[in-house]
Amino acid sequence: MIKKILLFLPLALLSVFAIAQKGTVNGIVTDESTTKPVEFLNVLVEGTSIGTVTDENGKFQLSLDPGTYTILFSSIDYEPASEKITLAAGEVKDLAKTIKEKPIELITYVKSEGKYEKNIEDLTVTMEVLKPNIVQNKNATSASQSLQQVPGVNIVDNEPQIRSGSGYSFGAGSRVMVLVDDIPLLSGDAGRPSWGFIPIENLEQIEVIKGASSVLYGSAALNGVINIRTAYPKDKPFTRITAFSGISNLRDSVNWATDFPPFQTGISFLHTRKIKQNFDLVVGGNLFAEKGYIGPSKLYVPSAQTLDTVLNGENEYRARVNFNTRYRFKKKEGLSIGVNGNFMYGSSTGSFLWSNSGKDIYRAFGGAMTRTLQTLMNIDPYVSYGGKRGSNYHLRTRYLLINYDNDNGQGNASDLFYGEFQYQKRFTGPKASKNNYLKNMVITTGVMSLFTIGRAELFAGTAPSLDTNTMDSIQTDRIYTNNLNIAAYVQIENKLWDRLTICLGARLEYFNIGKYDRYRIYNNGDYTLYDTSIVSSGFQPVFRGGLSFKAASHTFIRTSFGQGYRFPTIAERFITTTVGGVSIAPNPTLRPEKSWSAEVGVKQGFKIGKNFMGYADVAGFWQEYDNFIEFNFTNIPGVGPGFISLNTGRARVVGVDISVLGGGKFGKNWTLNCLMGYNYALPQSLTPNYNYAIDTSATTLNYLNSSTDTSNYILKYRFQHTFKFDAEVTWKFISFGASFRFNSYMQNIDKAFYTLAPLGFTPDIKTFRDGNNQGDWVMDMRLAVQISKSSKVSFIINNVANRIYSLRPGKLEAPRSFVIQYSYQF
């Protein structure tokens, strides 16, 4: 025992001596311009694995053997820095280091154009990027409110328009594909987005592609794509809680809410964190309540609505929770799996038409109010694998349930099943890196399938005629619809000589849409089943190509050509319902529409001073359509006044798109961020004499005799001029922002709105339009105070001038509102 102690004692003394010989570095890192401590900065000893991170006070400590070292300091937000030190045995050295904040860079990475991240400068199409700070600072309660600020984009009665490519369609059929994390979120039966369902509290950025994008995204991407990309955790856990409350201010002359003003309130939360460095978790949620600014109808129509709906006016209540997960396998580098999900339940009451254009303009037209109970959910399992030789494999799936339970016989529900397998190849290795034709090449190919089952009270059945000799009665057993899309696509991109980007792509898609009815035919107490069906199907190939050339350091010239197509939705073909005395009629013979688009654009980077940078982008575009589908309001034979989707011949939209994005610092304490844009579009019918229907008076229906204004053959429900502007300036802990939006006068709408109003079928729309024919401008303002590092209070005024304006005839937009927002993050 004594021998063991004697042997161990020298080793113990040697260890103590070795520890005593180490020196200690006590450091603090501060910002060069503000002199404030820099927290969570990486501190690394060059050539070793020794390192640490600064704490909340910018301090760090290192224990090192005697010697000379280079200490490296790095962060996403600061310029790399280093400090050389010499440390003696047992020495305690104090180190104070100041570092410079990085200037704002021009580089923005996007994913939507090629289904992989790349620099926005290399795109061959026009794309706008909306960052989450605008969404948060403007207190947007849905994604649609945020998108109203994007140049060239309008949301008209919840329907997205890009470059005036779409009109109004009662929420059935969209020419803009809406995605969340690259997966479609349009409802399977109607092809419409549910903006309140999108988890904007967890937002990386919103990417908007302008122009035909059907090669990668298929039907519904005829005019472009809106891709909402959610965020994953950073190295540090993050939590944010936001609460707000506000009231609306109706003008006295049209104020129906004399007891209590319209209001809205809500709370949202987001938590992100990494667990054990290989599991990512994101959890978010939202509660929202609103008493709307559209008041109750003065007329009760029992067959169309409940008394409770009439008495309450517009309102909305919703609760939503969402999550993202990702697990990265340690033993299989590059392999990750995960499940994302989103669940929402809500109740809303909305109106279709205003009561009249006078003092009751903020009331609903009789029978035009609908109450809806909403249940929505999506579950998205996925698998991704990134190989070592530049091969990447992605399997994305989604189950999307949308159920709208209405109180007026207009309920509908759909189950959407989506799956996509994508293979992407980047050429790597010594040989590829030396080959100018391979080193930047990316090949993306994939297959996808989408299947929808639709169930609805508002889908028209095809019942057999009642033969009184053999039948007592006919009863509907069930009516359901389905839609199947299968596609394969490939896209090849290459950047040559670090200047010229070339993109070529193709897609082949198969569609099948059908309605299946079953009836019970009763005779003498017994019944037999009778089945009917309407099915259509077909194939559609499309192609695209584009070039982007780096003409100077930050000057990029691009051109592109792309084909698009859109298959009619289930709702467009089979919907049948009535809202406020206005019918919506089916068109089972509706044909797919096709298009091609071309554009030429220039993106120019600029710099003002040392720290303010941005882009200016100008593009000219030309898009033509065949079998153009428009939602027309007319006297429908056998139905009466109503809307119906029709193929209206050929159409064209040409125009110019201009946008400017910038951000940076002025001096030590001032920061400015801005986004602005102007869009001019000339949307025209190329076949104004084409007869596409017959009305109740046996008159053939065409563009010329169904339009209120045929000058220049402008298409219905379009804005020719739009201007958007948003800027926010920050001084120390105070921020002030302002938004401005202008839409020109909507020149042309359906003439039936004018001719049927005197008969009482529709409200008076002409009087309002005649008095508001100079276009509409709307301004919002906001003021925020950073109370502490974690807390911020904001005061927001929307529609500062309290303009009474309309984007879609018969429906008013929100009046002035005052909102207080409190945000806490840690």
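Predicted model: local features only at pLDDT ≥ 70, side-chain atom pairs only at ≥ 80, totals over all residues.
Two strands count as paired here if DSSP finds at least two bridges between them.

**Whole chain.** Start with everything shown. The protein chain carries 10 helices and 44 strands. Of its 826 residues, 53% count as buried. Take the contacts with a separation of 6 or more: 68% of them are between residues 24 or more positions apart. The accessible surface is about 35,600 Å², and carbon and sulfur atoms hold 59% of that.

Now select residues 629-636, which make up strand 34. This strand is mostly covered, with 7 of its 8 residues buried. Click on Ile629 and look across: Asn647 in strand 35 stands opposite. Then go to the turn, where 3 residues sit between the two strands of the hairpin. Pick out Gly638 there; its phi is positive, about 75 degrees.

**Thr730.** Next, jump to residues 721-731, which form strand 40, and select Thr730 within that strand. Buried or exposed? Thr730 counts as buried because its relative accessibility is 19%, and the cut-off for buried is under 20%.

What does Thr730 touch, leaving aside residues up to four places away in sequence? Show Asn669, Trp670, Thr671 and Ser735. Thr671 lies 59 residues from Thr730 along the chain, yet their C-alpha atoms are separated by 5.0 Å.

How values were computed:
Residues numbered from 1 in each chain as written. Heavy atoms only, no water. Buried < 20%, exposed > 50% of the residue type's maximum accessible area, 1.4 Å probe, protein only. Helix = DSSP H or I, 4+ residues; strand = E, 2+ residues; numbered from the N terminus. Contact = heavy atoms within 4.5 Å. Areas by Shrake-Rupley, 256 points an atom, 1.4 Å probe, with all protein chains shown as cover.
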